[in-house]
Amino acid sequence: MRFISYLANPVRFLRFSRFATPISGGLALGLIGIGLILALFISPPGQEHGEAVRILYVHVPAAWCALAAYSGIAIASLVSFVWRHNLADSVARSLALPGAAFTFLTLATGSLWGRPAWGTWWQWDGRMTSVLILLFIYIAYIAIWNIVSDRRLAARLAAILGMVGWLNIPIIKFSVNWWNSLHQPATVSDIGAPGVSAELGWPWAVMALGYTALLVWFTLRGTEAELVELKRNRAASSKPAKVTLEDISS
Amino acid sequence: MVLKILRRDIIRAARSGGSWAYGLVFMAIFLSLSAIALDGEMSKLRQLGVPLIWLALSFAALMSVERVFSEDLRDGTTGQLWLSGVSFMTQATAGLLSFSVVYILPLALTAPLWSLLFDLPAVHVTGLVLALICALPGLAAYTAFAGALTGARGKGGFLAIFISAPLLVPILIMGVIATNNYPQDGIAALEYRALIGLSLLALALSIPASAAALSVNTDR
């Protein structure tokens with residue numbers, strides 16, 4: 001809590017982000033690089049699905065980041081709504097676009113995986129449907145920021161939507177699973193279910209950490225950009241007066 | 001106070017020259033076009049009737065979203081009521097109630113009429129009406145929440161749909177399953193209880209969230 005209120009001051013935040021941004025960027029680059037080498041060259045092809053299994057090294061970390069980003073938005077929204085924390089708005093806003101991009105990546109790579117694994121690009125199964133709905137929630141969240149022109153108002157409204165959306169995600173997931181279990185027998189062979197072997201698990205862990213670092217980098221850069229824009233807007237609206245009363249009387 | 005606001009809204013709707021019926025007209029057009037697009041083939045229509053009526057009703061509710069709070073926000077009534085001691089929570093509850101009565105209830109009550117277009121069996125129609133009544137508070141709550149968030153902004157239409165569509169998914173899913181299961185399980189079908197649960201959850205979430213959105217939109 002003390003750390004959160006410490007960062008409420010933009011100057012302190014910039015001091016923190018000056019070293020945190022390059023560190024997270026470098027970590028993302030390094031870890032994703034190592035992860036890709038591990039995933040593409042070192043880890044063995046899947047027993048059942050051959051080389052196609054490598055898609056999952058991109059897919060699973062993207063899904064993790066998509067969910068993490070939305071949870072981040074919900075927490076930042078709560079902090080912004082309760083404590084009127086200025087920077088929490090910027091953090092929530094900066095998380096939205098990368099979060100939506102990760103969600104889209106999850107769907108796209110899931111679809112690419114679905115073709116060889118299940119023989120179809122799209123299946124209305126519980127997971128895919130709920131991720132698709134998560135993408136719609138992201139779009140609504142981004143839309144509210146874009147449509148409401150007053151930044152302060154947009155921030156408060158987006159925070160309310162962020163929190164309500166987050167509370168609804170488990171309900172949506174539950175209902176989609178219910179629907180799915182009624183309409184379709186389980187077609188998903190869950191490769192992670194019985195526990196993942198170390199040679200498959202390592203690239204995953206490295207990629208997941210790399211993706212998380214990338215998400216942090218996006219968020220910090222986004223927040224820095226927001227701060228610059230806010231500063232520019234403030235400077236434009238309150239220029240110092242050039243004419244004083246003394247000037248007029250003389 | 002809630003009843004006073006409800007009464008005012010009903011009177012206003014009655015004097016508005018039929019604007020409360022736009023949702024019904026939309027439903028009629030949507031369902032007729034669907035039937036035409038499906039080639040008017042009764043075997044197909046019978047199968048798709050229930051989901052199409054649910055979809056039409058959800059869309060009609062979304063179309064009326066601008067009428068929930070926007071008029072009061074635009075002419076300053078919301079702020080005035082707040083100044084005279086009516087909390088945003090009361091206003092959100094009253095707005096939701098009048099939205100349900102004026103705009104959503106007619107949509108649900110006319111479902112048997114629409115089911116004629118699809119030649120649905122009588123038992124399905126009963127199931128449909130019961131499911132709609134169970135789902136009505138939830139449907140109204142999420143739409144009203146979207147209305148409170150978009151507020152007085154004219155271009156709120158799309159935004160309101162973006163906001164409430166994902167929230168309506170569970171209600172749509174359970175509503176269609178409940179209706180389809182009614183002939184076998186009757187009102188005891190688990191999905192009816194799930195629908196009531198979803199509606200109660202929606203009310204518990206939407207009323208405070210709408211009140212917060214009203215307070216933000218009036219700058220309090």
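## A leucine in the middle of things

Start with Leu161(A). Setting aside neighbours within four places in sequence, Leu161(A) is in contact with Ala140(A), Tyr141(A) and Ile144(A), and also with Leu149(B) and Ile163(B) of chain B. Keep in mind that this is a predicted model.

Leu161(A) also belongs to the largest nonpolar core, which has 136 residues. Along with Ile160(A) and Leu195(B), Leu161(A) touches the most other members of that core.

## Where the chains meet

How many residues of chain B are in contact with chain A? There are 20, and they meet 22 residues of chain A. On the chain B side, helix 8 (122–150), helix 9 (156–185) and helix 10 (190–217) each supply at least two residues. Helix 9 of chain B gives the most, with eleven.

## A helix pair in chain B

Now look at helix 2 (residues 22–37) and helix 3 (residues 42–63) of chain B, which pack at an angle of about 145 degrees with their axes 9 Å apart. Their crossing is right-handed. Helix 2 of chain B brings residues including Phe26(B), Phe30(B) and Ser34(B), while helix 3 of chain B brings Leu52(B), Ala56(B) and Phe59(B), among others. By class, this contact has 13 nonpolar and two polar residues, with no charged ones.

Chain A has a mean pLDDT of 83, and 88% of its residues reach 70 or more. Residues 184–194 of chain A are another matter: pLDDT stays under 50 there, and the model has five contacts beyond four places in sequence for this stretch.

Terms used. Residues are numbered from 1 along each chain as its sequence is written. Chains are lettered from A and ligands numbered from 1 in the order in which they are written. This is a predicted model: local features need pLDDT of at least 70, side-chain atom pairs count only at pLDDT 80 or more; totals for chains, interfaces and linings use all residues. Two residues are in contact if their C-beta atoms, placed from the backbone, lie within 7 Å. Helices (H or I, at least four residues) and strands (E, at least two) are DSSP runs, numbered from the N terminus. A nonpolar core is a set of buried Ala, Val, Leu, Ile, Met, Phe, Trp, Tyr and Cys residues joined through C-beta atoms within 7 Å. A residue is buried if 20 or more other C-beta atoms lie within 10 Å of its own, exposed if 12 or fewer, and partly exposed in between; C-beta atoms are placed from the backbone. pLDDT is the predictor's confidence in each residue, from 0 to 100. Axes are lines fitted to C-alpha atoms, for helices over the stretch in contact, and angles run from 0 to 180 degrees between N-to-C directions. A crossing is left-handed if the near helix is turned anticlockwise from the far one by less than a right angle, and right-handed if clockwise. Ala, Val, Leu, Ile, Met, Phe, Trp, Tyr, Cys and Pro count as nonpolar, Asp, Glu, Lys and Arg as charged, and the others, Gly among them, as polar.
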